[in-house]
Amino acid sequence: MNGKERMIAAMGLKEPDRVPVMCQLSIGHLLLQTDVSPIDLWYTAEGCARAWVQAQRKYRFDGILLNICGPDPDVLNRIDRTEENDKEYVIHWKPGSFDYTHTVCPKDELPHNVWPNGEPSFEFAAFDPDREIPEFLEWMPVSQGMKYPIVPHTRLDTIKAVQSMTEGDITLHGEVFSPWDYYIALFGFEKAFLGIYEDAGKAHAILDRFADLCVLWAKEQISAGVDAITLSSPWAGGSLISRDHYKEFVLPYERRLNTAICESGAFCCTHTCGSLGDRLDLLLESNTSGIECLDPPPIGNVELADAKALTRGKAFIKGNIDSVNTLLHGSVETVKKDAQQRVEIAKEGGGYILSAACSVAPHVPPENLEVLYDVVEEYGKYE
């Protein structure tokens with residue numbers, strides 16, 4: 001089997017020739033372990049695609065998660081000047097190009113824009129969902145407050161570039177963020193939570209509108225050829241919201257999105273960080289094809305054996321190596337032993353993909369990822 005066949009079998013709850021391996025890589029890790037500069041990665045589809053493919057080949061992963069889309073190539077013409085030091089690039093934009101004046105692009109982390117009077121934000125009470133939410137998603141709430149633009153005429157360029165580089169031998173995974181994540185990103189965590197108490201109806205109206213837009217964006221990526229969609233829902237874990245709030249403000253909208261993804265012929269995988277032990281049953285009610293992270297103690301509270309028993313025959317598992325204590329701070333031997341245990345626990349019956357629980361941190365030693373392929377080759381083969 002090639003990587004694509006192997007991943008599709010596992011996501012379809014079948015036994016491939018061996019356990020697939022695929023981790024979600026942080027952008028910082030891509031920057032540190034490939035020859036692509038921050039400016040090329042963030043502002044050119046070719047640079048972004050090249051970084052992902054280089055990393056996939058380096059670690060012999062069976063798939064790639066394409067979690068940012070095609071940038072506007074015209075943006076490079078708006079650069080006034082750049083500065084570089086040991087830690088970062090600073091892009092100064094021509095006057096009038098954007099509302100922000102410059103962008104700081106670290107060499108191991110996400111960029112951030114700098115506004116002269118601080119970044120603008122929305123107030124929940126004054127927000128009008130009908131007027132202020134557009135007809136198509138204009139940005140993705142990537143992380144740390146970053147809103148990555150979705151440019152209409154180039155939004156599929158990175159997917160197309162990766163397709164041409166990989167020739168169909170691995171799975172390609174697009175990404176859509178949860179409506180709940182958009183809601184949090186609009187107002188900030190504190191204002192967003194106050195909003196569900198002050199006016200739950202408005203909160204639901206916002207979530208409903210974003211659910212429709214997320215469905216459209218997922219379907220467009222599927223039409224472009226991705227095999228699966230990762231539903232990124234980092235704010236829905238037990239350490240952040242209650243089970244009751246999850247049932248009211250997250251589950252209905254993610255169920256709508258997951259159902260649309262499956263009906264469009266792709267797999268969906270829900271990515272939720274932190275403690276999930278009290279809501280794995282609810283995740284299964286969302287019609288997801290699979291669940292990732294499943295952070296183990298001490299970062300989360302999921303034991304892989306328990307998750308395997310609950311999800312068997314219902315959803316695949318992608319995880320759950322501790323991204324910090326094992327991958328970042330552990331030795332090659334520590335990682336190998338841990339990964340072997342994960343494979344032995346979850347391999348039986350198929351439906352398992354060996355992976356880091358959450359995304360691979362920028363400074364994870366590359367040898368700690370390279371050994372994962374050795375583990376699945378040695379211990380992950382099916383009879």
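This is a predicted model: local features need pLDDT of at least 70, side-chain atom pairs count only at pLDDT 80 or more; totals for chains, interfaces and linings use all residues.
1. Start with the open sheet. Seven strands build it, in the order S1-S8-S9-S10-S11-S12-S13. Their pairing is parallel. Strand S1 (63-65) and strand S13 (352-356) are the edge strands, and each of them pairs on one side only. From one strand to the next, the twist averages 25 degrees.

2. **A pair inside the sheet.** Now look at strand S9 (residues 228-232) and strand S10 (residues 267-272). Five bridges link these two in the parallel sense. Find Ile 229 and look across: Cys 268 in S10 stands opposite. As background, strands of a sheet pair through backbone hydrogen bonds, either parallel or antiparallel.

3. **The hairpin.** Strand S2 (residues 79-84) and strand S3 (residues 88-93) run antiparallel, joined by five bridges. Three residues lie between S2 and S3, and the two strands form a hairpin. Arg 81 has His 92 in S3 as its bridge partner.

4. **Helix H7.** Why is helix H7 (residues 179-187) described as largely enclosed by the rest of the structure? Eight of its nine residues are buried, so the rest of the structure largely encloses H7. Buried here means under 20% relative accessible area. Among the buried residues are Trp 180, Tyr 182, Tyr 183 and Phe 187.

5. **What covers H7.** The cover over the buried residues of H7 includes strand S6 (139-143), strand S8 (171-177) and S9. It also includes helix H8 (189-198), helix H9 (200-223) and helix H10 (243-263).

6. **After H7.** Gly 188 follows H7. The phi of Gly 188 is positive, near 85 degrees.

Technical notes. Residues are numbered from 1 along each chain as its sequence is written. Side-chain values use heavy atoms; hydrogens and water are left out. Two strands pair if DSSP finds at least two bridges between them. Helices (H or I, at least four residues) and strands (E, at least two) are DSSP runs, numbered from the N terminus. Axes are lines fitted to C-alpha atoms, for helices over the stretch in contact, and angles run from 0 to 180 degrees between N-to-C directions. Buried means under 20% relative accessible area, exposed over 50%, partly exposed in between (1.4 Å probe, protein chains only). Contact means heavy atoms within 4.5 Å.
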